[in-house]
Amino acid sequence: MTAVEHDADVIVVGAGPGGSATAYHLARHGVRVLLLEKTEFPREKVCGDGLTPRAVRQLIRMGVDTSPEAGWLHNRGLRVIGGGVRLELDWPELASFPNYGLVRTRLDFDDLLAQRAVAAGAKLRTSVNVLGPVLDGDGRVTGVEAEVGPDKEPTTFHAPLVVAADGVSGRFPLALGLAKREDRPIGVAVRRYYRSPAKADDNYLESWLELRSKDSGDNLLPGYGWIFGLGDGRVNVGLGVLNSSSAFGKTNYRRLLTDWLANTPEDWGMTDETNADGPILGAALPMGFNRVPHYTRGVLLVGDSGGMVNPFNGEGIAYAMESGELAAEAMVQALARPAGPERERALMAYPNELKARLGGYYRLGGIFVKLIGRPEIMRIATKHGMPHPTLMRFVLKLLANLTDPRGGDAMDRVINAMTKAAPAV
């Protein structure tokens with residue numbers, strides 16, 4: 001049997017933030033990377049467009065210029081609204097993370113990251129729809145089958161390692177029999193852009209813990225909401241509902257969004273349909289490692305494909321990019337070893353590091369999701385927690401996963417101890 005010539009050392013399926021971060025960090029170490037994207041850039045994605053300092057750190061690690069001059073809107077922290085209280089919480093001052101967040105639409109953001117990967121040496125091919133894996137006689141993945149271009153030309157690409165970064169659909173891992181875990185939290189989010197000069201340049205991300213419509217009275221609408229200024233005269237407005245809520249899967253989420261916005265101040269411009277910039281779009285949020293294992297048979301799962309959205313706050317971009325960097329580190333070490341047990345040992349460092357870094361934290365997040373899914377608990381927590389700024393600063397650090405691992409303050413030490421004590425998911 002003749003050896004198959006490899007098209008790359010690593011094939012990355014999907015050029016979202018996770019895939020592009022993986023490709024960038026691999027290419028920077030001299031690895032031959034083929035980055036395959038089914039669409040053309042620029043392209044739209046459903047997202048809140050808000051980036052916490054955890055995501056900003058990953059951008060800096062990719063050499064991205066995050067200055068306002070480069071088109072980024074900076075924010076100072078999170079404005080939390082609930083329980084009759086409006087509280088502005090600045091991002092914490094930490095050694096491990098910058099003290100600012102960012103906002104940028106995915107239309108620009110994903111294209112920018114893909115180009116960073118290309119500049120580092122990755123080969124990007126767009127309009128490549130990956131259909132499934134190529135397997136050897138032992139069931140190990142040695143490449144991908146794809147349709148290329150508008151004519152859907154059948155093509156096979158070969159590489160000793162493949163990264164599935166194909167998002168929440170997870171078509172590639174599904175083809176390997178890796179289904180979602182039903183015992184992990186999942187959310188649904190819908191969002192829309194509005195022209196709103198009154199809110200467009202807001203230097204805080206705004207989070208609404210309680211949603212009410214004009215005629216709901218004291219009855220809360222399900223879910224939580226956000227309003228993120230984009231700095232270009234528009235805002236990203238959306239809401240999310242978790243599967244711990246009784247309303248999950250039984251609600252018209254688009255109607256829910258417009259009902260909530262009808263109760264916002266008129267000068268914000270979100271009560272008037274003529275200010276809408278595009279349709280209401282929705283997407284699923286796969287949380288808490290809801291697809292495992294993250295490494296098997298030559299395939300590593302990155303980002304949403306591996307269910308890495310933070311259950312505490314619905315943030316996915318930071319963890320997609322972070323997991324991409326961790327996956328790249330493991331693959332760089334693995335490719336320096338001969339194929340076989342030595343290489344496998346290096347590759348297993350990836351799921352082990354993910355579990356050590358996020359497993360306990362995501363376990364706590366799963367408990368949090370179950371608790372806030374009960375309206376009476378959410379009401380009590382909002383009413384009694386919101387008036388206490390020190391407690392809310394602790395909550396911000398916990399929800400955004402922003403602590404110094406060593407040498408932090410008392411809040412950091414408590415949160416770090418909690419995540420270490422929790423059994424990893």
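Against which helices and strands do the buried residues of H3 pack?

## Basis of the model

This is a predicted model, in which local features need pLDDT of at least 70 and side-chain atom pairs count only at pLDDT 80 or more, while totals for chains, interfaces and linings use all residues. Residues are numbered from 1 along each chain as its sequence is written, and side-chain values use heavy atoms, with hydrogens and water left out.

## Helix H3

Helix H3 covers residues 106-120, helices being DSSP runs (H or I) of at least four residues and strands (E) of at least two, numbered from the N terminus. Its buried residues (under 20% relative accessible area, 1.4 Å probe, protein chains only) are Arg-106, Phe-109, Asp-110, Leu-113, Ala-114 and Ala-117. They lie on the same side of H3, because they cover an arc of only 125° around the axis, taken from the directions from the helix axis to the C-beta atoms.

The buried residues of H3 pack, by contact (heavy atoms within 4.5 Å), against helices H1 (17-28), H2 (53-61) and H6 (317-335), and against strands E2 (33-36), E3 and E8 (123-125). After H3 comes Gly-121, with a positive phi near 125°.

## The sheet containing E3

Strand E3 belongs to an open sheet of three strands, ordered E3-E7-E4 with antiparallel pairing, where pairing requires that DSSP finds at least two bridges between two strands. The edge strands, each pairing on one side only, are E3 (50-51) and E4 (73-75). Two bridges join E3 to E7 (residues 101-103), and Gly-50 has Val-103 as its bridge partner in E7.

How values were computed:
Expected span 1.5 Å × (residues − 1). Buried < 20%, exposed > 50% of the residue type's maximum accessible area, 1.4 Å probe, protein only.
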